[in-house]
Structure formats: C-alpha cells, structure tokens
Amino acid sequence: MPTCLILVAFVVGVCVLQTLSTLPPLWQPLFVAAIMLVPLLGSVRWRPLAALVLAATLGFGYADLRAQERLADRLPAGLEQRTVVADGYIVALPQHSQYGWRFTFAVTGSDPPGLPTRVQVSSYGDALQPRAGERWRLTLRPKRPHGLANPGGFDLERWLLSENIGATASVKAAERLPGHAWQAGVDRLREALRDRLQQQLGDAPYRGVIVALAIGDQGGVPKDQWQRFATTGVTHLISVSGLHITLWATLFGALVNAGWRRVPRLAMRVPAQRAALVAGVLAALSYSVLSGLSVPTQRTLLMLLVAAMGLWRGRSTSPLLIWLLALAAVVLVDPFAPLSVGFWLSFLTVGALLYAGAPTLGDTPRWRGWVGAQWIATLASFPVLALVFQQLPLVSPLANALAIPLVSMVVTPLSLIGVVDPTGTLPWLAERAFALTDRWLQLCAHAPVLTLASPPAWAWLPAAFGVVFWLSPRGLPGRLYAPVLLLPLVAPTPAMREPGTFRATVIDVGQGLAVLVQTRSHTLLYDTGPPMATDRALLPTLRALGVRRLDLLTVSHNDNDHSGGAEAVLHAFDVERVHSTLPAEHPARLLGTPHVDCAAGQTWMWDGVRFDVLWPAAGMVVTNDNARSCTIRISTPAGHALLLAGDLGRNEELELVSRGLPATDLVVAPHHGSRSSSSQSLIDATAPQWAVFSAGYLNRFHHPNPSIVERYADAGATLLRTDDDGAITLDVGPQVQVGRWRAAHRAYWSAGAGAELSLPEPHAD
C-alpha cells in the first residue's frame, strides 16, 4: 500500500501543475519540499508522510521543468507573421481536407533562427503533396499558438502544447529536398499501409474506420459517421483502444503457444507459456507503435508489460499496482497526458472495472459480467463526459453491447491481418462487418442524448465520491445515497435572470460573428459564424451554456462568416423560427423551419426586454449582402441597450442615424471593425460605453482596423475583442457586467498568459 500511495502522490503532483494559470519558478517546489521534509525524515512515525510529500513534490517539480522547457520552445513574438525559410521533414501522417493539407513539420534549421522544433503547417489547395518523412524547404508565415476560447469549446492551445507544437504556419513557397528523415521511418510505414488499405477499399463507405482501427489514423472517417458514433457512445471503438491491443496480444500469444508445443525441440529449450508471453508482448508493442502510441495504447502496453514481468518471474502482481504503475509511467513519459480527455476516460474506466469488477470475476454468469462491465464503464465515464462534453448518450450501453464484440473480435482482427493481405479480401470483409455494425448504430442513434448545462468545476469532487460509493460492495453505509452526489453534474443551478435583464455572449468564432442573447425564458442566436468554427466553438458553447432550444435564429446576411453554421444549428437544436435576409435557396431555409424575412419595424418583447429590428428598411435598394444586414437593437427598462448590426456599411449607418438611432451603450462593431463601417456618425449617435470586436487572430483582413479601434476609444468606449479576450459575456440589467473568458480561465499555456497578444499592424482594408 505505501508503494501505491507514493505512485498516487507523484501523479497528483503532475496533475496539480497542469491546473495552474502561471508556472512557478523551478526552485519553489524544491524549497517547499526541503522545509517540510527535513524535520519529518528523522521521525519513523512521520517518514511515510514525508515520502508522500516528496513524491508529490517531485511530480510537481518534474512537470514544471517539462512545461518550462516546452514553453521556451514556442515562437518568439518577434518572428510572428514574418517570412521564415525553414528546412526540416514531415512527421506523423499529413491530413487532407477540402481546404488543403495540414501536417507537422520538424524544423532542423531556419532563417532567421528561432523557429520552434515542431510547427503545424497548413498548405491551402493541392499544389503541395506532402508525404511522411520527406525533407522540405518551406517558406512560412508563422503564428504563435492561438485558438478559439469559449466555454465548452475545443482548446487548441492546450492540444498544441500536449503535441509539443510551438507554432502554426501557412506555406508561401515550398521546395522538395532530396532524401527522407530516418526519424520518420515508422510514420512512412504507417503511411504506406494507409495508402494500400485506401487503394484496396476504394470508395467503400467505412474505409476510414478500417484505416483507423489498423494504424490509428482517424482523419478519413467522415463527419456524419463521427456524429453518429458520438450520439451512440461508441467513439472509443473507432480507435486503437486498450481492449483491441489486449485481444490482439492474447490471440497472437495463443497461436504461438499452440504452435510452439508442436515443436518438441523448441518446447524443451523454452516453455511454450514463456514463448507465448513474449509473443503477446511483442504483438502488443508492434500494434501500439503502428497505431501511433496514443494514451490508451500506452496505458494498455505498460499494464501488459508489468503483468508480463510478474508472470515471467512466477509472481502475481496486484491489479491495482499494475494500474498505478502504468498510470505513473504514462505521466512520467508524458506529463502533459493529463491535459487529454482520453487520458481520464481511459484510466478511470479501467480503474473502475478493476475496483468494481475484479472481486466478482468468475463468480457470475458471463452474460451478467458483460452487462455489469457496460454499467461500470458507463458510470465511470459519466463525470468526464458531463464536465467536458455536456452530453451523455443514454443508448450507449445498448449500442456498445453489440458493437464491442463485433468491432473487437471481428472487425479489428480482420483489419490488422488485412494490412499484409495482398488480395484485399480481409480488409473488404472487415469493412462489410463494420457496415453491419453501423446498421445497429443507426437504429440506436434515434434515441435521445442527454444534454447538460456546463456543471460547476467543483462538481467533479462529489461526483468522484458518488461513483466510488455506487460501485462499492453492497452493505457499505451510505451507498444508496451515492446518486445524490452526482446531482451537481446533471442539475446545476441555473442562472435565473430577472425580468427586464438579458445576457449576451459574443462567442469567439474567429473571423466571423455569433451572439447568443438570453432573457429569463427566451433565447436568440444572432449569426452562426463560419463553418470551420461550428463543431469546435459554436455548438459546444451553446450546449455548455445550457441551450436546449432556440426561440429565434437570426442570420444577418448571406456571408459565410455569419451564416456558415446555420444549417448545423438547425440540425442540432429545436429552433422555433428563423429570421433572416437569406435567399430562398439557402440550405437553412430548405429544412422546413418556419422563416420570417427580417425587415425594419419588427418588434417584440421577451420577459420585459425589447427587441427592435432597425434594418433593412422596406423598399430600400441594396447592392450587396453586407448592405442588407439584419440589424437589431435590444433594450432594457433600465436604459441599457445592445446593437447588433452584422456587416452593415457606412452608407446604411448614415441612413439609420438619419432615421433617429437612439443612444446605445453596447455596440458589437459592424463588419468586425472594418474601415468601411463604424462611421463617426454611428459612434456619435450611439455614444457607446462598450465596443465589442468579433474578429479572428491576425486575420488576413486586418480587422479590426486600428483607425476604427481608435475612433471607439476616443469616444470613451471600453474596447473588447474576441481575438484577445475569447468569448465575451455582457450581463445587462440595472448595471452592465462584462466577462472575458480568457481572463477568467487563464492557463499557463494560454495565448497571452506570459505576454501580450500580438495584434494586427495598421493596414488598409
């Protein structure tokens, strides 16, 4: 038990470091440890406590050291957006999309120097055809790590840190250099196998799934399939999971065992059981390396190695100790692994199975054990799914009951053996077997998905105790009350707004606009951002903010950065009415949701909050989509008001002012702060106290224009910008309260955590 506690303390130390907003100097944890441990080490009574403190301090200090090193390898601010010529080679597998290629580039030299050792590169179009291991000389325009920052959204900056990527960049020119990098030998093999499988399977609908199961490359799985897998809770199967590796190692070991026994000369030198053990470990190692060594594969591989060592020595090892050794080894090799959701899902699920399932192993019928394992895995993963994704597929146990045996025992072995099948028969059989599996998933996908508002951060602690108590043996005092501890996850206290007040959340969608307006009992979404931000920002943010349905979806005009996510929103949420200036043939108007054309003079009241449509005016001749932007003014009885004007231009602003535009203290700057909008007349008429700019970081349009920023500042407005602040909340009641997501949820890896963000240089629109 002391060994187990020491391992736990080390892991806790690593995890605590990853929760900090700033990194402490390296000497601090060592100094604290010295002060606490010196008086304790001399006491037999307190020596165990000293060992635990030392282990936790070592874990904290080690993670701090690795984090300091990784942050030091980020792009210097002076090189951002400068032209840099870099030599290097392509690592991992390049990914292709409708926009072009994306790949990781290992830099061996750059001019000027200072480029990080690993850069994520985007090449638009198909002029560049990157291959793993190839050497290139690239002319790049690099950026520092920066992503969208929203409640519930994907944290790109955290992912870049965990992948040891110190910059992103776009390609301006490229020159292929001779030779290949030996360091990328495994990646070249994986790419060759991927190409072979893709060629053998042709246009088969589940080709991407077979490739994902064989070599761990998920880039070819279509979006609609991913959505179905998430809805049914089987995404863990569409990757190289611990279950797949264990089954493969067991199968390969059994085959070697059977064959070894038939050769007496071999059996006399090395017992068949030991030969099978070595074969199983080698099979697991090969499969793990071939699949890219993700966290679940690392965990399974380490657990198998520890168990195999015990069997080789003829000693049994406690399952708990094996689990903890694997856990500590993973965070030792990669102290950034706890930043991954997969890390927690993987280890917590296996830990729960060992805790609740091991004592009854072999004592219950097989079918009951299978059902029990499904229940344990679902309950153990519930807190993570609720906290991170705000969704829980209720049909998951039923979907997995058939999908797990089919995928693990049929599809995956056929896919793996299929990589060496020259005829392509086995990959084809694997693809057809998964097609059968997906028929079942399509039926299950009709079941409802429990969507939760984002729980408070502290809810994980009672939820963890609730799961432990619920999975404890019968008779434990208080076990029946375990579900009560899960209530903070499923029933967080809603923020009840008073009548006559509203909250507006300007979602960080990059270069685009999306604003969620919530009164006491009604919800309006104004614009939906660009398509690229839909899955990573817009939809997760709406779910995290507790949105179940929309009373009104307003799309200001038919520009992709304002209307790009409209169709996805209509599929994901129950929308009562669409309100827009979109053309009749737009996909968002063809889905059957009732539609109303936006026109000046429309007005309505929600919970004491007044909504007035100011533009477009009836009978006005407009020359472009921007000029017909649906403009809404939202006002409260206390006199505060918010103006949403899409991409309205200067001429339309002058017309609004001439019609008597009232003072409006909150303004979302039209057209992202473009120089063609936000005229002095508009600013004089509205007299804003707060101005919000929704724009992408270092966007190619150079929004917001510095002259417009200065114009709002000269008017006395407080400036807010999504590229700097992330999502911005405006709580409008008797007073106005402003929230900035980045400031409230700062992490040590966040953009601007250690220095100011780089902002666009003055440039004409």
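**Entry: V395**

I looked up V395 and found it buried, at 10% relative accessibility. Buried means under 20% relative accessible area, exposed over 50%, and partly exposed in between, with a 1.4 Å probe and protein chains only. V395 sits in the loop between β6 (391-393) and α15. Helices (H or I, at least four residues) and strands (E, at least two) are DSSP runs, numbered from the N terminus.

Next I listed contacts, meaning heavy atoms within 4.5 Å. Leaving aside its neighbours within four places in sequence, V395 touches T231, T232, C444 and A447. I also checked L450, 55 residues apart from V395 along the chain. Their C-alpha atoms are separated by 9.8 Å.

**Entry: ground rules**

I note that this is a predicted model, where local features need pLDDT of at least 70, side-chain atom pairs count only at pLDDT 80 or more, and totals for chains, interfaces and linings use all residues. Residues are numbered from 1 along each chain as its sequence is written, and side-chain values use heavy atoms, with hydrogens and water left out.

**Entry: helix α5**

I turned to α5, residues 185-201. This helix has 17 residues and reaches 25 Å from its first C-alpha to its last. That is close to the 24 Å expected at 1.5 Å a residue; the expected span is 1.5 Å times one less than the number of residues.

Which residues of α5 are buried? I found D187, R190, E191, L193, R194, L197 and L201. Seen down the axis of α5, these buried residues fall within an arc of 165°, so they line one face of the helix. The arc is that of the directions from the helix axis to the C-beta atoms.

What do the buried residues of α5 pack against? I noted β1 (84-97), α6 (207-215), α10 (272-290), α15 (396-418) and α16 (425-444). Just after α5, G202 takes a positive phi of about 60°.

I followed β17, residues 609-615.

I then looked for its partners; two strands pair if DSSP finds at least two bridges between them. Strand β16 (residues 603-606) pairs with β17 in the antiparallel sense over 4 bridges. W606 stands opposite V609 in β17. The hairpin of β16 and β17 has 2 residues between the strands, and D607 there takes a positive phi near 50°.

β17 also pairs with β18 (residues 631-635), in the antiparallel sense over 5 bridges. Here W615 stands opposite T631 in β18.

**Entry: aromatic pairs**

I searched the whole structure and got 10 aromatic pairs. Rings of Phe, Tyr and Trp (its six-membered ring) pair if their centres lie within 6.5 Å; planes under 30 degrees apart count as stacked, over 60 as edge-to-face and the rest as tilted.

W226 and F229 form an edge-to-face pair, 6.1 Å centre to centre and 85° between the planes. Both lie in helix α7 (residues 223-232), 3 residues apart, about one turn of the helix. Are they buried or exposed? W226 is partly exposed, at 23% relative accessible area, whereas F229 is buried, at 0%.

F693 is buried at 1% relative accessibility, and Y712 is buried at 1%.

Last, I noted a cluster: ring pairs link Y206, W226, F229 and F434.
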